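Here is a short report on one model.

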Amino acid sequence: MSKKPGPPMHFVDKHRVQLIQRVSNIAPILDELQDKEVIDQEQYDKIRALPTSQDRMRELYSGPLKASAACKDIFYESLLANEKFLVEDLSKK
């Protein structure tokens, strides 16, 4: 018996480790996530207070990005706008 393939993995899940390591322009992404109500003011403040971009990205993955595919889609759109070359690089892999 072969296992049926599930839906394709979302870009932000597939490239989680690389995104955590390589996203550097996190501030405008957080602004957009808050503006689109993916994160609230409390989450925004908590994430902004973390010392490194990697810590901020991990916090996003452990909370808001687990919520739904819609949140991941908004995050992906923000990545395209703010980390275009990183997204293009990862899309080739």
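Contact here means heavy atoms within 4.5 Å. Helices (H or I, at least four residues) and strands (E, at least two) are DSSP runs, numbered from the N terminus. The model is predicted: local features need pLDDT of at least 70, side-chain atom pairs count only at pLDDT 80 or more, and totals for chains, interfaces and linings use all residues. Residues are numbered from 1 along each chain as its sequence is written, and side-chain values use heavy atoms, with hydrogens and water left out.

**Annotated region.** An unreviewed UniProt entry lists residues 10-93 as "domain: CARD". Such annotations may be inferred rather than shown by experiment. Over residues 10-93 the chain is 77% helix and 0% strand. The end C-alpha atoms of that stretch lie 14 Å apart.

**Core.** A nonpolar core is a set of buried Ala, Val, Leu, Ile, Met, Phe, Trp, Tyr and Cys residues joined through side-chain atoms within 4.5 Å. Buried means under 20% relative accessible area, exposed over 50%, and partly exposed in between (1.4 Å probe, protein chains only). The largest such core has 23 residues. Leu 19, Val 23, Met 57, Leu 60, Tyr 61, Phe 75 and Leu 79 have the most contacts inside it. Elements giving two or more residues include α3 (26-35), α5 (53-62) and α7 (69-82). The largest share, four residues, comes from α3. Tyr 61 touches Val 12, Arg 16, Leu 19, Ile 20, Lys 66 and Phe 75, not counting residues up to four places away in sequence.

**Helix pairs.** Axes are lines fitted to C-alpha atoms, for helices over the stretch in contact, and angles run from 0 to 180 degrees between N-to-C directions. A crossing is left-handed if the near helix is turned anticlockwise from the far one by less than a right angle, and right-handed if clockwise.

| Pair | Axes come within | Crossing angle | Hand |
|---|---|---|---|
| α3 and α5 | 11 Å | roughly 25° | left-handed |
| α3 and α7 | 9 Å | roughly 145° | right-handed |

α3 and α5 are therefore roughly parallel (angles under 35 degrees). Ile 26, Leu 30 and Leu 33 in α3 meet Ser 53, Arg 56, Met 57 and Leu 60 in α5. Towards α7, Pro 28, Ile 29, Glu 32 and Leu 33 in α3 meet Ile 74, Phe 75, Ser 78, Leu 79, Ala 81 and Asn 82.

**Loop residue.** Asn 25 sits in the loop between α2 and α3. Asn 25 counts as partly exposed because its relative accessibility is 33%. Its C-alpha atom is 9.0 Å from that of Leu 79, 54 residues apart along the chain. Asn 25 also touches Asn 82 and Glu 83, not counting residues up to four places away in sequence.

Terms used: Parallel < 35°, antiparallel > 145°, perpendicular 65-115°, else oblique.
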